[in-house]
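Biologist: Could you walk me through this model, one question at a time?

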Amino acid sequence: MRHDHLITSKQLSRADIETVLDRAAEIDADPSAVADRHANTLLGLLFFEPSTRTKMSFETAMKRLGGDVVDMGSIESSSVKKGETLADTVRVIEGYADALVLRHPRQGAATMASEFVDVPLLNAGDGAGHHPTQTMLDLYTIRENAGLDDLTIGIMGDLKYGRTVHSLAHALTNFDARQHFISPESLQLPREVVYDLHQSDDGPGIREHETLEEVLPSLDVLYVTRIQRERFPDESEYQKVAGEYQIDLETLEAAADDLTVMHPLPRVDEIAPEIDDTAHAAYFDQAHNGVPVRMALLDLLLADGGDLDE
Amino acid sequence: MRHDHLITSKQLSRADIETVLDRAAEIDADPSAVADRHANTLLGLLFFEPSTRTKMSFETAMKRLGGDVVDMGSIESSSVKKGETLADTVRVIEGYADALVLRHPRQGAATMASEFVDVPLLNAGDGAGHHPTQTMLDLYTIRENAGLDDLTIGIMGDLKYGRTVHSLAHALTNFDARQHFISPESLQLPREVVYDLHQSDDGPGIREHETLEEVLPSLDVLYVTRIQRERFPDESEYQKVAGEYQIDLETLEAAADDLTVMHPLPRVDEIAPEIDDTAHAAYFDQAHNGVPVRMALLDLLLADGGDLDE
Amino acid sequence: MRHDHLITSKQLSRADIETVLDRAAEIDADPSAVADRHANTLLGLLFFEPSTRTKMSFETAMKRLGGDVVDMGSIESSSVKKGETLADTVRVIEGYADALVLRHPRQGAATMASEFVDVPLLNAGDGAGHHPTQTMLDLYTIRENAGLDDLTIGIMGDLKYGRTVHSLAHALTNFDARQHFISPESLQLPREVVYDLHQSDDGPGIREHETLEEVLPSLDVLYVTRIQRERFPDESEYQKVAGEYQIDLETLEAAADDLTVMHPLPRVDEIAPEIDDTAHAAYFDQAHNGVPVRMALLDLLLADGGDLDE
């Protein structure tokens with residue numbers, strides 16, 4: 001299977017994913033080997049909504065490969081304000097760059113945009129749609145810390161609105177992973193996501209929980225997400241719910257010694273800072289893993305033919 | 001003739017223009033030949049008003065020559081807000097860069113600024129003044145598609161406020177070009193521009209029209225510009241006028257098969273998307289041509305002595 | 001003495017300062033010798049408040065050493081808005097970069113941040129705290145123009161709120177410098193700064209004045225700072241005071257022929273433009289000196305072991 005664009009992690013088979021993760025691991029082990037590999041390559045950055053972290057990570061990845069970026073900047077100062085369509089914008093910026101990264105608030109924007117350009121386009125998040133590079137760096141982090149075979153993972157927090165979570169959960173159905181979803185009832189996985197996961201899964205399956213206690217001891221990985229204040233009608237309701245899904249050293253007493261704690265960051269109060277210095281904490285490594293993973297994806301898409309499984 | 005700065009296309013003779021266009025064509029044919037030509041060169045970007053497209057194109061051009069940019073960023077966060085004069089700002093930033101690109105809302109700003117700096121300064125638009133790199137990329141696109149000899153061009157839309165149009169029309173008086181200007185009466189070329197064109201022209205001359213029909217069959221190139229809503233007292237007036245200066249496949253039935261359609265972009269409704277996939281459409285190429293043309297200009301100005309006709 | 005971070009110029013001994021200034025002078029004399037010295041190096045820019053000039057200078061310095069930058073951008077679009085702590089932000093961005101530059105409105109921010117990262121961190125100003133690279137470029141400019149031995153310097157303007165001034169004054173106590181402070185009574189040096197200077201000084205000492213006249217003839221260097229309108233209750237009060245601390249050609253008739261005039265820029269009315277073309281004016285050179293000085297600091301901190309006095 002060949003890919004010219006990266007729109008969703010769903011387009012990737014288990015073999016494709018392993019190709020990317022293997023390449024990322026090679027790069028991570030010896031970044032200097034690729035430091036000039038894509039010299040004279042320009043990556044066009046089209047961020048139609050702010051996402052500093054993702055943008056910096058892509059920019060770093062391209063520069064660590066010897067290339068550079070050209071950035072459309074904020075849409076406030078762009079032609080978009082004059083009524084230009086997304087199709088026109090990507091066709092113009094395609095002329096400046098050898099590949100494009102698109103972030104857009106509208107679901108489906110990346111697919112649509114990819115139809116208008118000849119250079120590889122990478123989706124950096126399209127509304128409630130997909131964010132495949134986040135999923136790949138999550139998978140990479142899980143593989144580095146706990147392995148993707150015979151994995152037991154807990155995914156906790158806001159499971160209703162979390163695009164990251166849906167995408168990761170789907171990708172994990174390709175592997176031998178037991179998935180536990182832990183959230184307040186009001187922030188459970190949407191029913192269609194649960195249905196979709198059950199359909200896709202050929203592994204040990206998924207289960208839903210309201211408390212962490214019942215599954216914590218069995219977990220290899222605990223993936224924590226932020227519960228957003230604005231999801232709740234009032235502050236006291238938020239405080240009550242959010243407090244139950246925060247973890248600290250005391251919480252982790254019931255966990256396995258080699259439990260890996262992940263978080264897509266930024267965090268607010270979900271993980272107590274006292275965990276940062278323990279061997280459990282993998283969330284800063286996880287953020288840093290965005291660089292080798294995006295380097296691998298860019299390297300594979302920019303290679304002759306733009307083929308993710310060369 | 002020597003130029004240390006590029007302030008207006010009026011400073012360029014026909015021979016100068018051809019030097020630039022020839023160099024751009026060479027670069028376009030083999031960009032890799034110049035990929036490291038200006039390594040270690042920094043271009044300072046001073047955009048006192050937003051112009052993402054022009055800025056990206058300059059940035060791409062400098063990077064495609066092996067160099068890099070330093071960007072003053074938006075004036076909201078700059079020393080300009082503290083009351084610094086333009087003369088002081090350019091003198092400080094001159095210390096960071098090997099050449100400067102200036103965009104400024106005030107007519108004459110580029111000339112004034114150029115008097116304070118020793119490095120080459122390129123005008124990227126100064127209010128109702130000049131925008132010579134836009135004119136050069138327009139000329140380049142015309143030459144590539146229809147040639148600049150024995151040319152019949154129609155320029156349509158907002159001819160009153162369009163700086164791009166005045167500058168292009170003036171530059172075309174250097175060539176054997178018949179120019180037709182098509183616009184509603186309220187958006188005709190200013191009388192002083194018409195006078196100036198008649199004075200400069202030694203070719204077949206210029207004519208003004210209110211409808212496209214009467215000239216369309218004779219045209220080699222149709223250059224369409226955007227009619228801005230805000231020029232009209234009310235929406236219905238705008239709709240009536242704008243509608244008459246929009247083109248679609250049906251409009252083009254009366255045109256020559258090899259008519260080239262150009263537009264400085266962004267477009268709104270002036271050119272129907274159904275034209276995009278026809279051989280007429282040159283507007284995306286036109287935008288992309290900004291890169292080799294700006295590479296040529298930078299290359300010539302950065303060469304020893306900063307001489308546009310080396 | 002070794003330094004992994006650059007937080008304040010107070011951490012630098014006279015020998016350290018001279019190491020930096022010597023390295024800057026070497027670089028200034030032959031920038032091409034270091035043009036690729038830090039190829040493949042990325043400098044992370046974290047500006048929690050706008051400071052275009054300082055940011056451009058750091059960016060230029062890194063690029064003149066062959067490296068590149070990754071910029072967090074404005075905090076409006078960053079994770080900071082989602083409630084992320086400074087400690088988390090620096091730990092994430094540390095993963096993208098080989099060194100960090102931090103500007104933050106809160107005093108002490110640089111020290112705190114430096115405790116969380118393993119890469120060198122350079123303080124680019126932390127509130128009313130320190131701004132060591134500004135001090136170093138001021139010292140470099142003084143040394144180039146008047147020498148740091150047997151120096152008589154006047155520092156004039158807003159001495160109360162000027163972080164730049166306090167830091168420079170302190171650094172000068174390492175040298176054989178006679179310091180005269182000239183300001184309206186309401187903008188005198190804070191008493192604790194005066195006390196601190198007297199404690200540190202082993203040279204010919206400091207004195208305070210209300211008018212320039214009494215010391216001007218004796219000065220080697222006159223360092224002028226901006227008096228900010230907003231420090232005064234009303235406009236007329238400001239005009240009266242500010243006017244007394246502005247200089248023009250007439251003022252300088254009483255000065256030595258080789259007086260060097262400095263200003264951290266931007267200036268408003270403190271120095272008349274007619275001085276710009278005289279041999280007195282060193283303020284644009286001073287701004288430009290930020291580049292070799294920051295190149296020297298980056299070079300020393302990025303060298304194996306990150307040692308400012310290698």
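This is a predicted model: local features need pLDDT of at least 70, side-chain atom pairs count only at pLDDT 80 or more; totals for chains, interfaces and linings use all residues.

Modeller: Residues are numbered from 1 along each chain as its sequence is written, chains are lettered from A and ligands numbered from 1 in the order in which they are written, and side-chain values use heavy atoms, with hydrogens and water left out.

Biologist: In what order do the five strands of the open sheet in chain A line up?

Modeller: Helices (H or I, at least four residues) and strands (E, at least two) are DSSP runs, numbered from the N terminus. Two strands pair if DSSP finds at least two bridges between them. Here the pairing is parallel, and the order in chain A is β7-β6-β5-β8-β9.

Biologist: And which are the edge strands there?

Modeller: Look for strands that pair on one side only. In chain A those are β7 (206-209) and β9 (260-262).

Biologist: Which residue of β9(A) stands opposite Leu222(A)?

Modeller: Strand β8 (residues 221-224) of chain A runs parallel to β9(A), and three bridges join them. Opposite Leu222(A) stands Val261(A).

Biologist: What angle does helix α5 of chain A make with β9(A)?

Modeller: Axes are lines fitted to C-alpha atoms, for helices over the stretch in contact, and angles run from 0 to 180 degrees between N-to-C directions. Contact means heavy atoms within 4.5 Å. Helix α5 (residues 132-145) packs on the sheet and touches β5 (151-156), β8 and β9 of chain A. Its direction and that of β9(A) make an angle of about 165°.

Biologist: Over in chain B, why do β2 and β4 each have one side without a neighbour in the sheet?

Modeller: Four strands form an open sheet there, in the order β2-β1-β3-β4, with parallel pairing. β2 (68-71) and β4 (121-126) of chain B stand at the edges, so one side of each has no neighbour, as each has a single partner strand.

Biologist: What is the bridge partner of Leu102(B)?

Modeller: Strand β3 (residues 99-104) of chain B pairs with β4(B) in the parallel sense, over four bridges. In β4(B), the partner of Leu102(B) is Asn123(B).

Biologist: On to the interfaces! How much area is buried between chain A and chain B?

Modeller: Buried area is the accessible area (1.4 Å probe) that two parts lose on being put together, summed over both. On each side 22 residues are in contact with the other chain. Carbon and sulfur atoms give 53% of the buried area, which is about 2,000 Å².

Biologist: How far apart are the closest N and O atoms in the salt bridge of Arg64(B) with Asp98(A)?

Modeller: A salt bridge is a side-chain nitrogen of Lys or Arg within 4 Å of a carboxyl oxygen of Asp or Glu. The rule finds five across the interface of chain A and chain B. For Arg64(B) and Asp98(A), the closest N and O atoms are apart by 3.0 Å.

Biologist: Which element gives the largest share of the side of chain A that touches chain B?

Modeller: β2 (68-71) and α3 (86-94) of chain A each supply at least two residues of that side. With five residues, the largest share comes from α3(A).

Biologist: Last one: which residue of chain C forms a salt bridge with Lys63(A)?

Modeller: Chain C and chain A have five salt bridges across their interface. In one of them, the closest N and O atoms are 3.2 Å apart, and the partner of Lys63(A) is Asp68(C).
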